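Biologist: I'm new to this one and would like to learn how to read it. Could you put it up and take me through a few features?

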Amino acid sequence: MSLVMAATAAKIVYPHITKDPAVCSGRPCLQGTRVRVVDVVALHESGLRPEQIVEEFTSLSGVEDVYAALLYYHDHMSEIEADVREDAAFAEQYEREHSAR
């Protein structure tokens, strides 16, 4: 049995993961939430267990969402790492622009 991914102009669907240009700038999110895969990965890499991540993001259905995000990350590592770099660059720019005030 093969994994089938559905694609439309508005969304790309991966199990439990959606990408919608109208939600979080099209970044991969847990389905039905605004919780980005990159956020779940960051908490996991900081040492939180899946159960603790669900406690942090109460909109998640359960640990299955955390595992889906981690699977997506492992299957799309370069995409998520690019998101991390983009977030860091945005934060640095924001800090420069707003710290001078």
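Biologist: Leaving aside its neighbours within four places in sequence, which residues is Thr33 in contact with?

Modeller: A quick note before that. This is a predicted model, where local features need pLDDT of at least 70 and side-chain atom pairs count only at pLDDT 80 or more, while totals for chains, interfaces and linings use all residues. Residues are numbered from 1 along each chain as its sequence is written, and side-chain values use heavy atoms, with hydrogens and water left out. Now, contact means heavy atoms within 4.5 Å. Setting aside those sequence neighbours, Thr33 touches Val23, Ser59 and Leu60. Take Leu60: it sits 27 residues from Thr33 along the chain, and their C-alpha atoms are separated by 7.2 Å.

Biologist: Where is the place of Thr33, and does it count as buried or exposed?

Modeller: Look in the loop between strand 4 and helix 1. Helices (H or I, at least four residues) and strands (E, at least two) are DSSP runs, numbered from the N terminus. For burial, we use relative accessible area: under 20% is buried, over 50% is exposed, and in between is partly exposed (1.4 Å probe, protein chains only). Thr33 comes out at 10%, so it counts as buried. Its side chain also reaches the backbone nitrogen of Val35 at 3.0 Å.

Biologist: How many salt bridges does the structure hold?

Modeller: The idea first: side chains of opposite charge can pair when their charged atoms come close. The rule here asks for a side-chain nitrogen of Lys or Arg within 4 Å of a carboxyl oxygen of Asp or Glu. By that rule there are seven salt bridges. In one of them, Glu79 meets Lys19 at 3.1 Å, N to O. That pair links distant parts of the chain, with Glu79 in helix 4 (residues 77-99) and Lys19 in strand 3 (residues 17-19), 60 residues apart. Glu79 is partly exposed at 21%, and Lys19 is partly exposed at 21% too.

Biologist: Which residues are linked in a network of salt bridges?

Modeller: Arg27, Arg36, Asp39, Asp83, Glu86 and Asp87. Start at Arg36, which is buried at 17%. Its side chain meets Asp39 at 2.8 Å, N to O, and Asp39 is partly exposed at 24%. Arg36 also meets Asp87, at 3.1 Å, N to O. Asp87 lies in helix 4 and Arg36 in the loop between strand 4 (29-30) and helix 1 (37-45), so this pair ties together parts that are 51 residues apart in sequence. Asp87 itself is partly exposed, at 24%.

Biologist: And rings: how many aromatic pairs are there?

Modeller: Rings of Phe, Tyr and Trp (its six-membered ring) pair if their centres lie within 6.5 Å; planes under 30 degrees apart are stacked, over 60 edge-to-face, and the rest tilted. The count is two. In the pair of Tyr14 and Tyr72, the centres are 5.0 Å apart and the planes stand at 85 degrees, so the pair is edge-to-face. Tyr14 belongs to strand 2 (residues 12-14) and Tyr72 to helix 3 (residues 63-75), 58 residues apart. Both Tyr14 and Tyr72 are buried.

Biologist: At what angle do helix 1 and helix 3 pack?

Modeller: Axes are lines fitted to C-alpha atoms, for helices over the stretch in contact, and angles run from 0 to 180 degrees between N-to-C directions. Helix 1 and helix 3 pack at about 100 degrees, with axes 9 Å apart. That makes them roughly perpendicular (65 to 115 degrees; under 35 is roughly parallel, over 145 roughly antiparallel, the rest oblique). Residues making the contact include Val40 and His44 of helix 1, and Ala69 and Tyr72 of helix 3.

Notes
A polar contact is a pair of N or O atoms within 3.5 Å; within protein, one must be able to donate a hydrogen and the other to accept it, and residues adjacent in sequence count only if both atoms are side-chain atoms.
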